[in-house]
Amino acid sequence: MTEASACGKIILFGEHAVVYGRPALAVPLAHLRAHARVESRAAPGSIIHARDVGREIWVDTRDTDDPLAVITRLTLKKLGVRANLELTVASEIPIASGLGSGAAISTALVRALAAHFQTALAPAEISALVYETEKLYHGTPSGIDNTVIAYEQAIRFQRVAAEPGSVAIRSATPTISAFQIERPFTLAIANTGIASPTKITVGDVRRGWEHDAARYESIFDAIALIVQQAQTALARGENETLAALMTRNQRALETLGVSSREIEILLEAGLRAGARGGKLSGGGRGGNVIFYIEPEDAPQVQRALSEAGAVSVIVTTIGT
Ligand code: PMV
């Protein structure tokens with residue numbers, strides 16, 4: 001029997017614009033993890049038990065398009081093995097909430113399978129495999145989730161369009177670099193409890209962009225500038241600047257139409273309780289809202305967010 005895990009992730013700055021070739025910054029959430037276990041099976045066929053969602057998925061036949069079946073088949077192919085396996089996945093990461101649960105479960109599965117067959121896979125190889133299933137969850141993913149989770153480090157991610165004016169995600173290789181966090185900082189992550197598929201918000205932004213490319217491109221440029229300023233502030237340890245940059249990034253996301261009443265209720269409550277700045281994180285319309293907080297404000301911010309309807313609030317230190 002072999003086991004492996006993978007972290008969750010949070011996008012600090014730059015979601016949506018990243019699909020159009022602008023940079024984004026994301027960090028791993030090391031304490032929030034997905035787990036996978038692989039055992040050999042005597043009977044024919046391989047099956048995945050996903051008890052969190054009450055599902056049993058057959059790898060080879062019936063559930064052929066299921067992302068977990070797909071990642072298992074792709075990994076076995078990559079490893080060059082055929083086997084009858086009993087796979088079990090479990091996750092501490094809330095699904096469809098912008099914390100990378102899909103990519104984390106897939107990454108844990110790839111790692112457990114590689115370990116089971118005693119093969120070392122590099123983060124880039126794992127990321128490429130997981131990207132294939134991200135397409136099934138997301139439609140046209142930028143690749144940021146699989147990257148930050150497979151590398152398990154703070155990542156600046158950018159996909160530059162092959163041709164000017166083309167959608168960046170269609171171009172081949174992303175530019176991935178680690179970014180420096182000079183001074184750790186505290187985030188409160190509040191879950192709206194609304195599962196909002198990224199595919200839908202990404203699709204809506206696409207339609208908006210198709211309708212008025214110039215306006216959307218200028219919003220993406222404004223977000224790119226925020227990302228650049230945030231990266232500089234993080235490298236210099238000028239953490240106070242991050243809060244205002246988050247709030248500016250949120251305003252830009254609102255103009256893209258991916259915020260929601262529920263997100264804004266949480267933002268208002270968190271800021272009133274002492275959070276210094278905040279924004280939605282990930283696809284938007286639901287999922288999670290992140291707040292830059294001073295550690296001593298955590299209890300009151302946490303309480304205010306729960307009272308305002310957050311189904312969970314995680315307080316975590318980034319950059320340690
Ligand atoms: O919802 P999440 O956390 O998986 O993030 C989606 C991020 C987007 O920029 C909206 C889409 C993407 O593929 O990068």
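**Entry 1: the ligand**

I looked up Gly 98 and found one of its backbone N or O atoms 3.2 Å from an oxygen atom of the ligand, a polar contact being a pair of N or O atoms within 3.5 Å; within protein, one must be able to donate a hydrogen and the other to accept it, and residues adjacent in sequence count only if both atoms are side-chain atoms. I note that this is a predicted model, in which local features need pLDDT of at least 70 and side-chain atom pairs count only at pLDDT 80 or more, while totals for chains, interfaces and linings use all residues. Residues are numbered from 1 along each chain as its sequence is written, and side-chain values use heavy atoms, with hydrogens and water left out.

I then turned to His 16, where a backbone N or O atom lies 2.8 Å from an oxygen atom of the ligand. For Asp 145 I found a polar side-chain atom 2.8 Å from a ligand oxygen atom. I recorded 16 residues around the ligand, counting a residue if one of its heavy atoms lies within 4 Å. Lys 9, His 16, Ser 142, Asp 145 and Thr 198 are the closest.

**Entry 2: H2 and H4**

I looked up helix H2 (residues 101-116) and helix H4 (residues 144-151), which pack at about 45° with axes 9 Å apart. Helices are DSSP runs (H or I, at least four residues), numbered from the N terminus; axes are lines fitted to C-alpha atoms over the stretch in contact, and angles run from 0 to 180 degrees between N-to-C directions. The angle makes H2 oblique to H4 (under 35 degrees is roughly parallel, over 145 roughly antiparallel, 65 to 115 roughly perpendicular, the rest oblique).

**Entry 3: H1 and H3**

I found that the axes of helix H1 (residues 67-79) and helix H3 (residues 123-138) come within 9 Å and cross at roughly 150°. H1 and H3 are therefore roughly antiparallel to each other.

**Entry 4: H6 and H7**

Which angle do helix H6 and helix H7 make where they pack? I read about 165° for H6 (residues 213-236) and H7 (residues 240-256), with their axes 10 Å apart. This makes H6 roughly antiparallel to H7.

Methods:
Helices (H or I, at least four residues) and strands (E, at least two) are DSSP runs, numbered from the N terminus.
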